[in-house]
Amino acid sequence: TFTYFPLSRLFQKFNINVRVLGVICMTLQIIIGFLATYNHTTNSKAKNFVNVKTYILRGIFAGGTVSVCILVSKYSEGIAGLLSVFPAILLSSLASLWISHGKKLVQSSLGPLLLGSVSLGVYGISFSEIFYFLVHKNDINLYLSIVIAVFFAYLITISLSTLPILGYLTYKQKKHEKNIDSSLEISDNKSNDDLYE
């Protein structure tokens, strides 16, 4: 988010394509997400029941931010895009997690949430490229182009973003659980040794 505005002005000044800006920002998000999950040590899990009121408030908050984004898009598409992702998706998810389950779960969810939202960027870039190619380069019907672009952008997102990130996070979780089990085993052996001495 913080890189968008200075980079967009710089890219406009040197006449660099906005697609490059999107890829750079998404790459930075991937790097930050990996850094946030690299030494993932918390073992927090959702234990509390989430009431209907929390879901309703989350929906109202997300709907309100989307409405604001639509209004802002008349003045600046870039700001509207940023507002639609951060408050509508990330902030509402984190706020509802905080209310329902507490601070520890939110802290352990930040990295995976950042990595998960990379799928939005992959989908957006894939859809726009495929749609542009179909409509402007091949003169295919608008509605058919939308259907084709949605389908292939979805496949690209699943294969290039969702599945690799899911695999990485599953690997990190299993590694973390294995480390916990081995540290518990070491502490059990140490306490047994202390008993025999």
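Student: Does Thr157 count as buried or exposed, and at what relative accessibility?

Tutor: The model is predicted, with pLDDT of at least 70 needed for local features and 80 or more for side-chain atom pairs, while totals for chains, interfaces and linings use all residues. Residues are numbered from 1 along each chain as its sequence is written, and side-chain values use heavy atoms, without hydrogens and water.

Thr157 counts as buried because its relative accessibility is 6% (buried is under 20%, exposed over 50%, partly exposed in between, with a 1.4 Å probe and protein chains only). Thr157 sits in helix H7, residues 142-196 (a DSSP run of H or I, at least four residues, numbered from the N terminus). Its side chain reaches the backbone oxygen of Ala153 at 2.7 Å. Leaving aside residues up to four places away in sequence, Thr157 touches Ser119, Val122, Tyr123 and Thr162 (heavy atoms within 4.5 Å).

The whole structure holds four aromatic pairs (Phe, Tyr or six-membered Trp ring centres within 6.5 Å; planes under 30 degrees apart are stacked, over 60 edge-to-face, the rest tilted). Phe34 and Tyr168 are edge-to-face, since their centres are 4.6 Å apart and their planes at 75°. This pair joins distant parts of the chain, with Phe34 in helix H2 (residues 18-38) and Tyr168 in helix H7, 134 residues apart. Tyr168 is buried at 18%, whereas Phe34 is partly exposed at 31%.

Tyr123, touched by Thr157, is stacked with Phe127, with centres 6.2 Å apart and planes at 20°. Both lie in helix H6 (residues 118-137), four residues apart, about one turn of the helix. Tyr123 is partly exposed at 29%, as is Phe127 at 22%. Ring pairs link Tyr123, Phe127 and Phe131 into a cluster.

Conventions. Helix = DSSP H or I, 4+ residues; strand = E, 2+ residues; numbered from the N terminus. Polar contact = N/O pair within 3.5 Å; in protein donor to acceptor, adjacent residues only side chain to side chain.
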